[in-house]
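Subject: Structure handover

Hello,

Here is the structure we spoke about. Please open it alongside this note; the findings follow below.

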Amino acid sequence: MTSPGGNDLVDWNLAVATAARVARPGPEVSRAEARAVVAELRRHAAASERHVRAFTGLDSGGADTPVLVVDRPGWARANVAGFRAVLTPLTDRMRERRASVPGGGALTAVGGKVTGVEVGMLLAFLSSRVLGQYETFAPPSPDLPAGDGGDTGAPPGRLLLVAPNIVQVERELDVHPHDFRLWVCLHEETHRTQFTAVPWLRDHLEGEIRSFVAEADMDPATLVERVRQAAQSLAGRPRDGENGDGGGNGVIDLVQTPTQRAILDRVTAVMSLLEGHADYVMDGVGPEVVPSVAEIREKFTQRRRTGAGRVDRLLRRALGMDAKLRQYRDGERFVRTAVERVGMDGFNRVWTSPNTLPTTEEISHPERWVARTHPGNA
């Protein structure tokens, strides 16, 4: 694990403190209302597990991971723990490299503090928008509240439900709050089921990320500057020479080699599958257990389509993810088409091994995946 101080590429402690300081407050609720929301989300998460298992046929075999109902600073804190875990190989390499550079340690420490502030501001912005998230790589953390995913000895991974954001969106959409909370839990519980029922999936993704990191080859000072530029782009701040319209590739600028781009393509295909599967399950289970699911889906889709303001557009453009977002939308179509062709049991062959995962081309052309994995159905 990386050191807790300011000697890393990002001062994570400072990022957490910054996010907590500048995060916008959530909607106004009384203490009693807040307790009731938390309790209901926990009940819905437990009920969603049964619904998802029955609909998909995926069985986690009794494996369990914590459910965290968090506020906005809690979401930022949990995600920092995950970032630190994933980036450990990179920070270790940079630490070794900077030791041989005169003044390298001091330069990286200063850059880490600057980047820590900027990453913290980005986390504060995102913390007001995320409804839920399955955190794949974060181990149980003792710095989280007792009973909310602390060090319990559970398997890696945890389900986050951001209570103030769920309440805010259900109010904005003017939908039935109990139905909306269950609907959100169905989506996020599908992600938890994916990783607990398919134990090799986490290791596969982690291996891809580590291979991606292993390809990174730049000196610490350059990397710190690139991370700073990416954070500024994500925050909608133009770099020198840019016109402020979100030009440039932001985080994608960090992708340097053909090998990294190939890995990014594979990871994007997997994430398209996971997100599309979650949407398909959420809408498939919905009519049976969420009476107002049609209204919720219509209003939520409209919000997603028209609610993207300037900052959201800058964020997507800075990430270089506009084209990738189309693949995410293709994910639901891929799952739906595959299930129509070969049934749910046939679709579940996708979880057999990394070799049965769809490629980016197959995400866009589901019939090619069916032909490859089910020759008799081609």
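In what follows, Ala, Val, Leu, Ile, Met, Phe, Trp, Tyr, Cys and Pro count as nonpolar, Asp, Glu, Lys and Arg as charged, and the others, Gly among them, as polar. Note that this is a predicted model.

The pocket

I looked at the second largest pocket. Its volume is about 280 Å³. Its lining is made up of 17 residues. V29, A34, D71, A163 and P164 lie nearest the centre. By class, twelve of the lining residues are nonpolar, one is polar and four are charged.

Which elements give two or more residues to this lining? They are α2 (31-56), β1 (67-70), α3 (72-98) and α5 (163-173). The largest share is that of α2, with four residues.

The sheet

Two of those elements turn up again around the sheet, and β1 is part of it. The sheet is open and has three strands, in the order β1-β3-β2. Pairing is mixed. β1 and β2 (132-135) are the edge strands; each has a single partner, so one side of each has no neighbour in the sheet. From one strand to the next, the twist averages 20°.

β2 pairs with β3 (residues 158-162) in the antiparallel sense, over four bridges. Within this pairing, Q133 is opposite L160 of β3.

Helices on the sheet

α2 lies across β1 and β3. It runs at about 150° to β1. α5 also packs on the sheet and touches β1 and β3. The direction of α5 makes about 45° with that of β3.

Aromatic pairs

How many aromatic pairs does the structure hold? There are eight. One of them joins Y134 and F195, and this pair is stacked. The ring centres are 5.6 Å apart, with 20° between the planes. Y134 is in strand β2 and F195 is in helix α6 (residues 177-197), so the pair ties together parts that lie 61 residues apart in sequence.

Over to you.

Best wishes

Notes
Residues numbered from 1 in each chain as written. Predicted model: local features only at pLDDT ≥ 70, side-chain atom pairs only at ≥ 80, totals over all residues. Heavy atoms only, no water. 1 Å grid on protein atoms, 1.4 Å probe; cavity = no way out; pocket = protein on both sides within 12 Å on 5 of 7 lines; lining within 4 Å. Points joined across faces, edges and corners; volume = space filled by probe spheres on them. Pairing = 2+ DSSP bridges. Axes fitted to C-alpha atoms, helices over the stretch in contact; angles between N-to-C directions. Contact = heavy atoms within 4.5 Å. Phe/Tyr/Trp six-rings, centres within 6.5 Å; stacked < 30°, edge-to-face > 60°.
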